[in-house]
Amino acid sequence: LQLRVTSWNHAAEKMYGLKEKEVFGKSIIEVTGSKFDPEERVRMMHELLEKGSISVEIKHADKSGESVIFDSATKVLRDAHGKAIGFIAVNRDITHRRNSEKLIRESNERTNSIMKAVSESIWLMDLEGTILGANETAAKRLGKTPDEIIGKKWYDYVPSQLIEYRKLKIDEMVRSGKYLQFEDERNGINFLHTYYPVHDAEDKI
């Protein structure tokens, strides 16, 4: 129970950039550059011994010093008498996923900042007409808050005589794959609309 490495497979060698002979007998904390707070490590050790197994997200460092994030499942190893004699840990590298999630959050924050700063109505909708996002200006013109209209259909807030025309314009934009501008009138007010297609990683709208 000294947390010393007694087995280190090929996957671990690849993840950490260290051969088994380089880590055998060494403290796993030293080898992995574990970022756990000492008090948190003690708490987790108690939980592990009590429950027999735990799953946590951990941050280690590879041979170059780069941080690697793992989804770690650890189980207590016991002898024939039930005495704890060691641990086996299976770590799954989720660094790419966590980094992607961070980029998405940062992108969403930038998008939200831009949407809040613009005085015109801004809508984000999918191809089925579901509202995915809207700024305060757009929601306020409907007497709503953004949270109240997200998830609803845009055509629920448009006079029936304009729905088909706007749907045709959306279809036109999707077919061309380019932005589209058009005007229409509601309650004596002329509106200039600009629709921009949003593409995913596979260049699909």
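Which residues are exposed on the other side of H4? In this predicted model, the residues in question are Glu39, His46 and Glu50. Helix H4 covers residues 38-51. At 1.5 Å a residue, its 14 residues should span 20 Å, and the end C-alpha atoms are 20 Å apart, which agrees. The buried residues of H4 are Arg41, Met44 and Leu48. They cover an arc of only 65° around the axis, so they are on the same side of H4. Several elements pack against these buried residues. They are helix H3 (28-32), strand E1 (53-61), strand E2 (67-78) and strand E3 (84-93). After H4 comes Gly52, with a positive phi near 95°.

Helix H8 can be described in like manner. Its 17 residues, 160-176, should span 24 Å at 1.5 Å a residue. The end C-alpha atoms of H8 are 25 Å apart, which agrees. Buried in H8 are Leu162, Ile163, Arg166, Lys169, Ile170 and Met173. These residues cover an arc of only 135° around the axis, which puts them on the same side of H8. The face turned away from that buried side carries the exposed residues Gln161, Glu164, Leu168 and Arg175. Strand E6 (180-186) and strand E7 (189-195) are among the elements that cover the buried residues of H8. Gly177 follows H8, and its phi is positive, near 75°.

Leaving aside residues up to four places away in sequence, Trp154 touches Met125, Gly129, Ile131, Ile163, Arg166, Lys167 and Ile170. Another partner, Lys167, lies over the face of Tyr155, at 4.6 Å from the ring centre. A charge over a ring also occurs at Phe191. There, the charged end of Arg186 sits over the ring, 5.1 Å from its centre.

Aromatic rings also meet one another. The structure holds six aromatic pairs. In one of them, the rings of Trp8 and Tyr16 have centres 5.2 Å apart and planes at 45°, so the pair is tilted. Both partners are buried. Trp8 has a relative accessible area of 8%, under the 20% limit, and therefore counts as buried. Tyr16 is at 4% relative accessibility, so Tyr16 counts as buried too. Trp8 and Tyr16 form one aromatic cluster with Phe70.

Ser107 and Ser7 are 100 residues apart in sequence. In space, their C-alpha atoms are 41 Å apart.

How values were computed. Residues are numbered from 1 along each chain as its sequence is written. This is a predicted model: local features need pLDDT of at least 70, side-chain atom pairs count only at pLDDT 80 or more; totals for chains, interfaces and linings use all residues. Side-chain values use heavy atoms; hydrogens and water are left out. Helices (H or I, at least four residues) and strands (E, at least two) are DSSP runs, numbered from the N terminus. The expected span of a helix is 1.5 Å times one less than its number of residues. Buried means under 20% relative accessible area, exposed over 50%, partly exposed in between (1.4 Å probe, protein chains only). The arc is that of the directions from the helix axis to the C-beta atoms. Contact means heavy atoms within 4.5 Å. Rings of Phe, Tyr and Trp (its six-membered ring) pair if their centres lie within 6.5 Å; planes under 30 degrees apart count as stacked, over 60 as edge-to-face and the rest as tilted. A charge sits over a ring if NZ of Lys or CZ of Arg is within 6 Å of the ring centre and within 35 degrees of the ring normal.
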